[in-house]
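Subject: Structure handover

Hello,

Please find the structure below. My notes on what was found in it follow.

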Amino acid sequence: MTKKILVVLTSHDQLGETGEKTGFWLEELAAPYYAFVDAGFELTLASPKGGLPPLDPKSNEPDFQTDDTHRFEADAAANVALNNTAKLANVAAADFDAIFYPGGHGPMWDLVEDADSIKLIEAFFAADKPVSSVCHGPIVLINAKDADGAYIVKDRKVTGFSNSEEEAVGLTNVVPKLLEDALIARGGIYYKGDDWLSYVQKDGNLITGQNPNSSVAVAQEVIRTLS
């Protein structure tokens, strides 16, 4: 049977009090999207509000475009899926084999506290299905708990956008919390590689990537886990 992946995107478009826009990071959707599709998986895109999620405009600047982002922009079916994301409240973990969260700064404001997202993560985790995320995506994990009421990241190896990478992009004092610190505060065993290089941690069904360059590696780890 075809494996089904639920991809959850942010609905938040304001970068704190800066007056600038944020959202999801294009490459962190596009690269895993094609890793999954080319492996024969079926994808469903969802977001808290449904419909077209906000794209971080910086992620579509020439310096951050890749073969995968160009492929995505030219892909009619992918754009239909993006323009019509399902509402998180209307999707069920039982219908999917894994869940994946791209980053961008948007999830730092909405998905981190979203009750539907937290419920989904807890359901996937309890069913021992892969719960995966990349860059700022792992922020979605910090409020999810296991069947015993412990945070799912507690005593588990995780990674995500590092404090030094946040400092490098000048947003240390803009984000509501630093992802590295938040994972550690929940008891996560945080690891990181060199800034901006691909780095992934897998601990059971929890798969996390550090930064945008880790997005393909996270998807590949999910594929291996489901194979």
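**Glu180**

Glu180 counts as buried, with a relative accessibility of 12%; buried means under 20% relative accessible area, exposed over 50%, and partly exposed in between, with a 1.4 Å probe and protein chains only. This is a predicted model, in which local features need pLDDT of at least 70 and side-chain atom pairs count only at pLDDT 80 or more, while totals for chains, interfaces and linings use all residues. Residues are numbered from 1 along each chain as its sequence is written, and side-chain values use heavy atoms, with hydrogens and water left out.

Glu180 sits in helix 6 (residues 179-185). Helices (H or I, at least four residues) and strands (E, at least two) are DSSP runs, numbered from the N terminus. Not counting residues up to four places away in sequence, Glu180 touches Phe161, Ser162, Asn163, Tyr190 and Lys192, where contact means heavy atoms within 4.5 Å.

**Strand 1 and its partners**

Strand 1 (residues 4-8) has four of its five residues buried, so it is largely enclosed by the rest of the structure. Strand 1 pairs with strand 2 (residues 42-47) in the parallel sense over five bridges, and Val8 stands opposite Ala46 of strand 2. Between these two strands the chain passes through helix 1 (residues 26-38), and this β-α-β crossover is right-handed: with the strands pointing away from the viewer, the path from the first strand over the helix to the second runs clockwise.

Strand 1 also pairs with strand 4 (residues 98-101), again in the parallel sense, over three bridges. There Val7 stands opposite Phe100. Pairing requires that DSSP finds at least two bridges between two strands.

**Core**

The largest nonpolar core has 61 residues, of which Ile5, Leu6, Phe36 and Phe72 touch the most other members. Helix 1 supplies the largest share of this core, seven residues. Such a core is a set of buried Ala, Val, Leu, Ile, Met, Phe, Trp, Tyr and Cys residues joined through side-chain atoms within 4.5 Å. Leaving aside neighbours within four places in sequence, the contacts of Leu6 include Thr44, Ala46, Val91, Phe100, Leu120 and Phe124.

**Positive phi**

Asp128 is not a glycine, yet has a positive phi of about 60°. Asp128 lies in the loop between helix 4 (115-126) and strand 5 (131-134) and is exposed, at 58% relative accessible area. Trp196, also not a glycine, has a positive phi of about 75°. The loop between strand 7 (189-190) and strand 8 (200-203) holds Trp196, which is partly exposed at 33%.

Regards
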